[in-house]
Amino acid sequence: VAHRQSSAARHLGMAFWRPRPPGRPARLASLALVLLARPLGLNFAKLADPVTRVTKSHAAPSKLEDVLQLPEIDLFPVEEPERVEVDDYHSLPRYFDRKHLLNFFKARPLELMSRWADILGKLGPAYSKWQAEEDLPVEQHTRGAVLRDALSDLGPIFVKIGQTLSQRPDLIGDEAANALKKLQQQNTAFPDNVAFRIILEDLGHTGPLTPGGFTAPGGDPLGAPLFAHFEESPVAAASLGQVYRATTLDGHDVAVKVQRPGALRQVALDWTCWALGLSVLDIYWGGSTEVAKCADEVATGVFKELDYHNEAANAELFLRKHRFLPFVTAPHWLPELSGKRGETRVLTLEWVKGRPLEQITDPAERAQMVDMAVEACVSSLVFTGFVHADPHEGNLLLTDDGRLAFLDFGLMGTVEPEIMEGFAAGIQHLLSEDWLALARVFQDVGFIPRPQDGGFQKVLDPTARVFEYAPCTDAEFAAALEEQMRLEDGGLSRFGAIATGLTKLSSRYHMSTPPYIILFIRTFLTLEGI
C-alpha cells in the first residue's frame with residue numbers, strides 16, 4: 001500500500017515535498033500543501049519516498065511570513081488525532097460532525113487533492129471565459145452558460161452558490177443570471193432506473209413500482225404495485241435530488257423526492273475542501289476571522305438537507321408557526337411512502353397545484369406573489385424566528401387558489417429572540433435614519449464587535465494584511481455609517497446594498513460576520529433578487 005501511495009504521489013507531481021534549497025517558489029509550493037494539511041493533521045510525508053522525505057520538526061507557525069522563511073517544513077502532525085475506523089462514505093452520519101469528517105478525510109489526502117484539482121479545473125476555464133467576454137456586447141455573452149455548466153458539474157455546494165447568484169442580475173448581469181436560473185430546477189438528472197431502484201429499496205417494496213412497471217433486481221414483477229402511476233422522468237432535478245410526480249393507490253397526486261446518489265459523499269468532501277481553503281485564508285488574515293465557523297454553519301444546514309425526515313418536520317413546523325398568515329401554505333408529507341428515519345433517500349409529499357414566478361405573466365399576479373413572499377419572510381425573521389433559507393423561484397409557487405406555497409424545507413434557519421428584536425429595531429432605525437442607534441443595533445446582533453470599554457473601533461492601517469484597531473467616537477462611526485449608506489444605490493432600502501455598505505466599512509472600522517447570518521444573507525439576497 002505504501003509503495004502504491006508513493007508511486008501515485010510521484011505521478012501527481014509531488015516531488016517538491018523532498019528537501020531542496022529554500023528558494024521562494026519551492027517554499028510557496030510547500031506552503032500551499034502544508035497549510036491545507038495542518039487543519040486535518042494530514043501526514044503527506046507518508047506519500048513521499050521514505051528515503052528522502054523531510055524529517056526535521058518545526059512548531060506550527062503563527063504567521064504566514066514565518067512559514068515562508070522555513071527552509072524545511074515538517075509534514076508530520078505533532079500529535080496524531082484519534083482515528084475513526086470507517087469502511088466507506090455510507091458510514092458517515094447524515095448530520096454535520098466536524099471531528100468525524102476531519103478524521104475520515106485525514107486518511108484520504110489524495111481524494112482531497114483530486115477534488116481541489118477538479119474544482120480548479122472547472123472554475124478556471126469559466127473564469128477565463130468570463131474575463132474574455134467582459135468587453136463584448138451583452139448579446140454575444142455565453143459566459144453565464146459556461147459558469148452554469150461548471151457549477152452543475154461540481155455538485156450540490158456549488159449549485160447552491162449558483163442558485164443564489166441567479167437572483168442577482170445586478171451583480172452578474174442578466175445573461176448570466178438567466179443562465180444560472182436553470183440550476184433551480186434543471187440540473188442534470190441521474191438515471192430514472194437508479195431513482196426507481198432507490199425508491200423500492202428504501203421503502204422495502206419487493207413488487208413493481210407501478211402495475212407492470214419497474215421491478216428491482218430480485219423483486220417480484222407480479223407482486224402488488226407501490227403506486228398507481230409514476231412519471232417516467234422527473235419534473236425537477238435539483239442539486240441534492242430530483243422530484244417525480246406520482247399517483248398513490250388511493251388516487252392522490254404526490255411528489256416523490258429521491259436523493260441523488262453520492263450526495264452525502266459530495267457534500268462531505270466539498271465541506272472539507274472549503275474548510276482547508278478557509279483555514280489558509282484565516283492564517284493569512286492573522287487568525288482573527290470566523291470564516292471556519294461560517295463554513296461550519298453552512299455545512300450544518302446542507303447536511304440537514306440530506307435528512308428527509310428533518311425536512312418533513314420543518315415543513316410541518318413552518319406551517320404551524322406561520323398559520324397567522326392565511327396565504328402561506330406548504331405540502332404535507334406521507335410518512336408511509338417515505339423511508340426510515342436517519343437513512344432515508346426518499347420523501348413523499350402531497351402535490352401542490354400552482355405556478356412558479358417565471359410562468360406568471362400578469363403583472364398584478366406577479367406583484368401579489370412577491371408581496372406575499374416578502375411579508376412571509378420578514379415575518380419569519382422578526383416574529384416567528386423560523387426562516388426558509390432557500391426561497392429561490394423554484395421553491396415558491398402561486399397556488400391555484402391564490403396562496404403562496406413554500407417548497408423544499410431542507411435548509412432552514414432559526415433566529416434567537418434577542419436577534420429578532422435587534423433586526424426589528426434595525427429596520428426602524430434605518431427607516432428613521434437614526435444612524436447611531438442603528439450602529440448600536442449592529443453591535444447587538446454581532447455585526448460590529450463591542451470592545452470591553454464600549455464604543456467602536458477604527459482600523460489604524462487599512463493597507464496592512466492584519467488589521468490593528470483603535471477606539472473612535474460614537475459620532476465618528478455614526479457619521480461614517482451614514483455616509484456609506486447614502487453612497488450605496490438603495491442603501492436606505494435594499495438589503496444587498498446594506499450588506500455591501502457594511503463590507504466596505506470593514507476596511508476602515510472593526511466589523512465582523514457572525515456565523516448565524518450566513519443562511520439569512522442567502523434568504524434575503526435571493527428574495528430581493530426576486
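I began at the end of helix H15, where the next residue, Glu-433, has a positive phi, near 60°. I note that this is a predicted model.

I looked up what Glu-433 belongs to. Glu-433 sits in the loop between H15 and helix H16 (435–444).

I wanted to know why a positive phi deserves a note. Most residues other than glycine have a negative phi. I found another such case in Asp-408, which is not a glycine and has a positive phi of about 60°. Asp-408 lies in the loop between strand S10 (404–406) and strand S11 (412–414).

Next I checked the length of H15. This helix has 16 residues, 417–432, and at 1.5 Å a residue it should span 22 Å. I read 23 Å between its end C-alpha atoms, which agrees. I listed its buried residues, among them Ile-419, Met-420, Phe-423 and Leu-430.

I repeated the check on helix H13, residues 308–321. Its 14 residues should span 20 Å at 1.5 Å a residue, and the end C-alpha atoms are 20 Å apart, so the two agree. The buried residues of H13 include Tyr-308, His-309, Glu-311, Asn-314 and Phe-318.

Last, I looked at the start of H13. Which backbone nitrogen does a side-chain oxygen of Asp-307 reach there? I found that of His-309, to within 3.2 Å. His-309 is also one of the buried residues of H13.

Conventions. Residues are numbered from 1 along each chain as its sequence is written. This is a predicted model: local features need pLDDT of at least 70, side-chain atom pairs count only at pLDDT 80 or more; totals for chains, interfaces and linings use all residues. Side-chain values use heavy atoms; hydrogens and water are left out. Helices (H or I, at least four residues) and strands (E, at least two) are DSSP runs, numbered from the N terminus. The expected span of a helix is 1.5 Å times one less than its number of residues. Buried means under 20% relative accessible area, exposed over 50%, partly exposed in between (1.4 Å probe, protein chains only). A polar contact is a pair of N or O atoms within 3.5 Å; within protein, one must be able to donate a hydrogen and the other to accept it, and residues adjacent in sequence count only if both atoms are side-chain atoms.
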